[in-house]
Amino acid sequence: MEWPGHPPRTAVSGVLRLRVLGEVAASAGDDRLDLGHARQRCVLAVLLVEANLVVTTEQLRDRVWGDRPPLRARQVVTNYVSRLRRVLAAAGGGVEIHRRGGGYVLLTEPDRVDLHCFRRLVRRARDETDDRRALRLLEEASALWSAEAFADLDVPWIEAVREGLAMERFAADADRIDLALRLGRHAALLPELTARAAAHPLDERVAAQLVLARYRAGSPAEALAEYGRVRARLADELGIDPGPALRNLHRRVLAADPELDGPARPSSAAAPVPRQLPAPPGWFTGRVAALARLTDFLAGPGASPIAVVSGPGGIGKTWLALEWAHRNAGRFPDGQLFVDLRGFSADRDGPMAPGVAVRGFLAALGVDPDLLPAEPHARTALFRSLTTGRRLLLVLDNAADAEQVRELLPGGGSCAVLVTSRRRLAGLTTAHGAGQLPLDVLAGDESRALLARRLGGRVTTEAAAVTELVASCGGFPMALGIVATRAQTHPEVPLAELVADLRSLGLAALADDDPAASLPAVLSWSYRALPADRREVFRLLGAAPGADLGVPAAAALTGRPPAQVRVVLRSLEEASLLIQHPPGRFRMRELIRSYAGVAGGGPDPAALDRLTDFYLRTAYTAERLLNPYAAPIRLGPAVAAAQPLSDAAAALAWLETEHTNLLAVQRAAAEAGKNAVVWQLAWVVLTFQTRRGYHREQAEVWRAALEAAPGLPDPAARTVAHRRLGAACVELGRHEEAVEHLHRALELARWQHDVGDEAHTHYQLAWAWGRRGADRPALDHAIRAVRLCRAASLPVWEADALNAAGWHAARLGDYDAARRHCGAALSVHRKYHNAHGQANALRSLGEISRLTGHEKQAVRRFRMALALYRDYGVTAAEADVADRLGRARTAPAAQAGWQEAFRQFRPYGGTTA
């Protein structure tokens, strides 16, 4: 067992559990109940086993360390006990450790420790004269077990206790099975007895129980065969015959002894114990947190009697529900009811009517069908009357909506209800306080573990194919199950061929003639349940490029008003076809996106044009806010409105959110041959990518723009693309490629007599050579850029070139010229209120001051530049100035500057000198 709400490292695993700590854990942070390393947990385990009894320090030492105690063992024990006291005090609940009689005693109510509760229940059951009450006590005792005792502790004393507890558990379970057989519950016991016989093939008591259960279940031949297997095994392995009890049972089976038939079938007056759960999922893997969450909802302190597991088809909701139900069946001694409500299935009759499910439940509870009330509401009332005060578990699988579930809720709060649905069923939470568990896909390691259980060693020998299978299945247990089944059915086929099918066929590779084993079919049931307008939006969303969508983008895609599309998005989220994370951003799981593409029959060109135009126009607005001095470009006719952006800060925030989507939209435009859009999308993210230091992405978008440029009527498009791609290559350290593109841009600009492009290209060449440390050619290109900008009356660009010239003059030791050029640049940028240009010039002047020994002046200028960069979100330049501030010799500034540089450079993997 583990303590609810805690990872295994903090638990004393197994039958031993301080339940009061589990109760506190629901509201306390993990740090309050951290029990530290294994030896400290061993100390607590010893004290819990001996709860309310004094354990001497020597006993603690010997039980925890055996014959290898640490130095100053008494002091170590004292330290551990002190820490445990603090943990227990923080948890509350009246559990205390006291020093007494040369040792320690843990004082608590015995039933707060599962071990002592288990033993008490077993004693009471063995003293009980009423078989039904005795069985209920033993079932309650059995429910306290969910794992091996002390599974995470490994010392000799613990091992001995663990073996003893295992024997106690085995004996108690044997008594429980005898009682259940005596009461005629042989059919429900068969799965458990089969498993016990396989685990203990030489235990004659287990063998006798299984033989009797098979005989009573109407299979005397199987009962005799089971006896034959046991007799043969005893002879082969031990050289003995079965004992008198088993031989006598064999003779009575052969003679069809009427007394073996057990009790008569209960009448309608007797209340049978229903055991309707389907078999547990054979390949269930992972989901540790989800199982713990269900325990919190349905069996924890202050638990809600209802939990809803929601998620798309194929994600494993039913598996999770059945796994939890079987693990916790002992908590519900009055039985378990199960029904598939067919909310989403291939059944042409549609979802099951609640009245049909109620009739089935009443029959399972022993109500004679001839005595059922005629009116549906009266049958529901009878069902609630019969369930009030009983400890039943109801598993309502595949519910269509909250209304279908409401009529099946039992009376009172003693029963627990576990619902699975593709919808969230928020109405159950609002009206009945149901706990919500939206189920997500399996994590990568869980997916790999599931395949390992199915495929064994092939997961290791064909590791590369397994990695791609895990990625292609997207964490959907159903998809993984389909792949594993095909691999098991055709073991001669390499897993790489399954990978190739998934790669080429996509979702169609996960189809099957059996709809229940076909992921496309299962997803189609959710799709068909949508209203027509929701289906249309679902199809459009599936075709949209990018990872997610905000409401304004979804409005542009669908051509609907934002308020209306927000309602539709939330309804698709309720149907588990969309995920909203973070708030206001909606995305699809990849396999669901694939299905949406299949359902839609391909993308809607008009819808994609609207979405592309929305992104392009909004990004253009953002670019103009960030860099109003750039020469504007002309966009085509509008088919969608841009999202309003108030200022540069809003522009930066929008671009940061939508950056990956803009890249995806550009790729989609390139595939569609929309050359103008490809080039324009590269242009509209230029300033943002430069300021944020997204140089790889910048190279990607301008490489695409360069490929699109020959198809554009404006020859300057190629010039700009070569220049911007060259500039990105400079930042990536690809000097030869950068210079090649920049010289090609220079040739094109001269051929087109475009003085502005020629000036820009010289400016970029200055930057390229400067990054190589070649300041002389860099200065030459910067001076040419100054002259060309002046000739073309481009004052802001001229100021940028002057700043570059001053920078490289300073690197060459000509500080007078450097101050002159950079000072002139600062004046022009201030005249035109260009804050980014001012920051660049102040950075250069600060570096000149630092190099000439004017540290205070350098610090002042660096701080002014830093403030401007920070205001305008120029992250990479901000980090560089923080580094230069750290180089200044004034100690306080140095320390603060380097700390700031470290903070800024860390996201880019950079370092400071």
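# A guided tour from helix pair to sheet

Begin by selecting helix α25 (residues 551-558) and helix α28 (residues 605-626), whose axes come within 7 Å and cross at roughly 145°. Helices (H or I, at least four residues) and strands (E, at least two) are DSSP runs, numbered from the N terminus. Axes are lines fitted to C-alpha atoms, for helices over the stretch in contact, and angles run from 0 to 180 degrees between N-to-C directions. The model is predicted: local features need pLDDT of at least 70, side-chain atom pairs count only at pLDDT 80 or more, and totals for chains, interfaces and linings use all residues. Residues are numbered from 1 along each chain as its sequence is written, and side-chain values use heavy atoms, with hydrogens and water left out.

The crossing of α25 and α28 is right-handed. A crossing is left-handed if the near helix is turned anticlockwise from the far one by less than a right angle, and right-handed if clockwise. Display the side chains of Pro-552, Ala-553, Ala-556, Leu-557 and Thr-558 in α25, which form the contact with Ala-607, Leu-608, Arg-610, Leu-611, Phe-614 and Tyr-615 in α28. Contact means heavy atoms within 4.5 Å. By class, this contact has nine nonpolar, one polar and one charged residues. Ala, Val, Leu, Ile, Met, Phe, Trp, Tyr, Cys and Pro count as nonpolar, Asp, Glu, Lys and Arg as charged, and the others, Gly among them, as polar.

Next, select helix α5 (residues 114-127) and helix α7 (residues 156-182): their axes come within 11 Å and cross at roughly 35°. Here α5 passes α7 in a left-handed crossing. On the α5 side, select Leu-115, Phe-118, Arg-119, Val-122 and Arg-126; they meet Leu-165, Glu-168, Arg-169, Ala-171, Ala-172 and Asp-175 of α7. The residues of this contact comprise six nonpolar, no polar and five charged.

Strand β2 (residues 96-100) pairs with β3 in the antiparallel sense over five bridges; two strands pair if DSSP finds at least two bridges between them. Glu-96 has Leu-107 of β3 as its bridge partner. In the hairpin of these two strands, which has two residues between them, Gly-101 takes a positive phi near 55°.

The next stop is an open sheet of five strands in the order β5-β6-β7-β4-β8, with parallel pairing. At its edges lie β5 (336-340) and β8 (435-438), each pairing on one side only. The twist averages 15° from one strand to the next. Within the sheet, select β4 (residues 306-310) and β7 (residues 416-421), which pair in the parallel sense over five bridges, and find Val-308 with its bridge partner in β7, Val-419. Helix α13 (residues 317-327) packs on the sheet, touching β4, β5, β6 (393-399), β7 and β8, and its direction makes about 160° with that of β7. Helix α14 (residues 354-364) also packs on the sheet, touching β5 and β6, with its direction at about 150° to that of β5.

Finally, show the whole protein chain, which has 42 helices and 11 strands. Of its 913 residues, 51% count as buried.

Note on methods. Buried < 20%, exposed > 50% of the residue type's maximum accessible area, 1.4 Å probe, protein only.
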